[in-house]
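The sequence and structure are shown first.

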Amino acid sequence: MLTSQGELKVPFKDALPTREEQLSTLRNTEEFDVLVVGGGATGSGCALDAVTRNLKTALVERSDFSSGTSSRSTKLIHGGVRYLQKAIMKLDYEQYMMVKEALHERANLLNIAPHLSAPLPIMLPVYKWWQLPYYWAGIKMYDLVAGSQCLKSSYILSKSKALELFPMLKKDKLVGAIVYYDGQHNDARMNLAITLTAARHGAAIANYTEVVHLLKKPDPKTGQEKVCGAHCRDIITGQEFDIRAKCVINATGPFTDSLRKMDSQKTANICQPSAGVHIVIPGYYSPDNMGLLDPATSDGRVIFFLPWEKMTIAGTTDTPTEVTAHPIPLEDDINFILSEVRNYLSPDVEVRRGDVLAAWSGIRPLVTDPNSKDTQSICRNHIVNISDSGLVTIAGGKWTTYRSMAEETLDAAIKAHNLSAGPSRTVGLMLDGGKDWTPTLYIRLVQDYGLENEVAQHLAATYGGRSFEVAKMAQVTGKRWPIVGKRLVSEFPYIESEVQYAIKEYACTAIDVIARRTRLGFLNVQAADEALPRIVEIMGKELQWTEQKKNEELEAAKKFLHLEMGYKARSEQLSKATEISLTAQEIARYKKRFYKFDKESKGFITTVDVQQVLEKLSIHIDENALHEILNEVDLNKNGQVELDEFLQLMCAVQRGQISDSRLAILMKTAEEGLDLRGPVSVDRSGGGV
């Protein structure tokens, strides 16, 4: 692996092996030094650490890389301001060291993946005078602990300056604000960059490959059973095979105990899972480059309010949960976050339930402290454990410290299994796409390929130096501008060639594309739903799917959006508004609007009725699009919108439960258009001749 100068060789610098080639390597290699189970940030970090130490490395993941907790985070790379507070208040040296380590890792991560991460200023609004020096001292301590790796120095703002930078903030009783810096990243893409970097360095990796059971053999010296690999199944083909390895590392996050129990049924659980829900609301709720921290919510939890991918993320909650591969965001959690957000924003800004564009729940794999009463007081630190049979488990920790956790895990594994390897090489090791990235790289994409500015910026910030490969695959649009790059949906910069490129990055399903290769499912469930048919069509062509397989993929992705990305909670807002709480005056107004479309007083309207009114106004909408618009409101799915359904919709719009009903906006616009036209005079009509 090492050249004479000590540089790392990269066997697959240009083209990655296909998934089939990777599986062939896993099946046919006599014995690996290390087999990592789990393709989240920590597992991928372990694989990268191992392969760059010259160890023959394998990694398997039963779902997709980053499909679990690693793609459902707050998107921050942080040292943990509140852990530092606990460390100082309780004189807890372990917590202090954890913050110090995380701040070192924060600096490293921003350095090795500059395309996927950047510093983000976060404002802490202060509403009581005595809190200003208290919080200021704490934040300054955070800067001091970071030392030379401090991103930018924190500072105090006056009330007027705070409102200038964050105009949506509540003015009443605001005394000032403190701004400090942390890092922000695209978590799923960061995880993928770590995984692909490991693959480029020669690690054999495969997603959708589950461990059925661990392999064991007796130790020749002691006769004790030792783990020597795993019996695996390729979930896509159903094919089963053995992977033999000197050392098996369990990096399965919330599923840590499942693999430990495969090793020994008597093993006690060490993981106490906690659910964290986040919501995505429109970008106008926050400034483009300023986050907000609420340090003391009504129940003591910390809420972040951050700009991300031109949207705004708010979260998170912290509640004990059961381990599941498909966590669902609950309505109570969504409403808790919304109510906390309302506490900090100006009364002029109406925070509506209908503005929630997506919501998700991630399961934090917290390490259990038997003396703890609630999940919040559990330390986010990690443990490395080696069982009697030699299974190495890494559990706990947080996103920011994935690299140091991997280093510690490999150090322990090398020692326990007498593997021949040098020290870790991952500090400063550039991740896939990071090496050739520059802040102006997107300009070359615009100039060389004729991509839209916004699309070019997105590609540069997602693929870094590899964005030219995506641009080369982009098809000509046939327009004057942009020359290449057809968007999947109009309001997001994702283009069709990214779907083709996603397959090269081991995407196997439509969900892989909407959730992790692009982030469309996390940003707007309706837009993702709209893009799905085209995504399935492109993947079907590339992967030679049958019509049945295409339909299955479409249904699975729709189910994912419905349950795991909050579409269900969003759509239920209309069906829950069964009680029509409108005044008599409002009902009369909305009935009048309805009957402008229902000319024959049938009591319902269809696409034909809407089409006829729009034609009068010279507005043309495609019939399929119109059918979709009505279908959103058609609760009993009988192909028509009844008066009751329309009144229910208007009630939900008024309550803020729904904010962007296309039908409501369309009918209001059409009504205004008709009113403006008014009756045609007899003179103008030619005197009635």
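The structure is a predicted model, in which local features need pLDDT of at least 70 and side-chain atom pairs count only at pLDDT 80 or more, while totals for chains, interfaces and linings use all residues. Residues are numbered from 1 along each chain as its sequence is written, and side-chain values use heavy atoms, with hydrogens and water left out.

**Cavities**

Rolling a probe the size of a water molecule over the atoms shows where empty space is left. A cavity is a set of points, on a 1 Å grid over the protein atoms alone, where a 1.4 Å probe fits but cannot get out; its lining residues have an atom within 4 Å of a point. Grid points are joined across faces, edges and corners, and the volume is the space filled by probe spheres set on the points. Five cavities of 30 Å³ or more are found in this way.

Helices (H or I, at least four residues) and strands (E, at least two) are DSSP runs numbered from the N terminus. In the table, Ala, Val, Leu, Ile, Met, Phe, Trp, Tyr, Cys and Pro count as nonpolar, Asp, Glu, Lys and Arg as charged, and the others, Gly among them, as polar.

| Cavity | Volume | Lining residues by class |
|---|---|---|
| Largest cavity | about 70 Å³ | six nonpolar, three polar, four charged |
| Second largest cavity | about 50 Å³ | six nonpolar, no polar, two charged |

The lining of the largest cavity comprises 13 residues, and Arg189, Asp432, Thr462, Tyr463 and Glu505 lie nearest its centre. Two elements, α7 (187-200) and α12 (453-463), each give two or more residues to this lining. The greatest contribution comes from α7, with four residues.

The second largest cavity is lined by Leu292, Leu293, Asp294, Ile303, Phe305, Glu340, Val341 and Tyr344. Here the elements that give two or more residues are β12 (291-294), β13 (303-308) and α9 (331-344).

**Helix α14**

Helix α14 (residues 497-504) is largely enclosed by the rest of the structure, because seven of its eight residues are buried; buried means under 20% relative accessible area, exposed over 50%, and partly exposed in between (1.4 Å probe, protein chains only). The buried residues are Ser497, Glu498, Val499, Gln500, Tyr501, Ala502 and Ile503. They pack against α7, α12, α13 (467-473), α15 (510-517) and α17 (525-543), where contact means heavy atoms within 4.5 Å. After α14 comes Tyr506, with a positive phi near 75°.

Asp234 belongs to strand β9 (residues 225-234) and counts as buried, at 3% relative accessibility. A polar atom of the Asp234 side chain lies 3.0 Å from the backbone nitrogen of Ile236. Not counting residues up to four places away in sequence, Asp234 touches Arg19, Leu23, Tyr208, Gln239 and Phe241.

Met141 is placed in helix α5 (residues 131-146) and counts as partly exposed, at 34% relative accessibility. Leaving aside neighbours within four places in sequence, Met141 is in contact with Leu84 and Ile88. Between Met141 and Ala569 there are 428 residues of sequence separation and 41 Å in space, C-alpha to C-alpha.

**Annotation**

An unreviewed UniProt entry lists residues 585-620 and 621-656 as "domain: EF-hand". UniProt positions follow the numbering used here, feature names are shortened, and annotations may be inferred rather than shown by experiment. In the model, residues 585-620 are 64% helix and 6% strand, with the end C-alpha atoms 32 Å apart.

Technical notes
1 Å grid on protein atoms, 1.4 Å probe; cavity = no way out; pocket = protein on both sides within 12 Å on 5 of 7 lines; lining within 4 Å. Polar contact = N/O pair within 3.5 Å; in protein donor to acceptor, adjacent residues only side chain to side chain.
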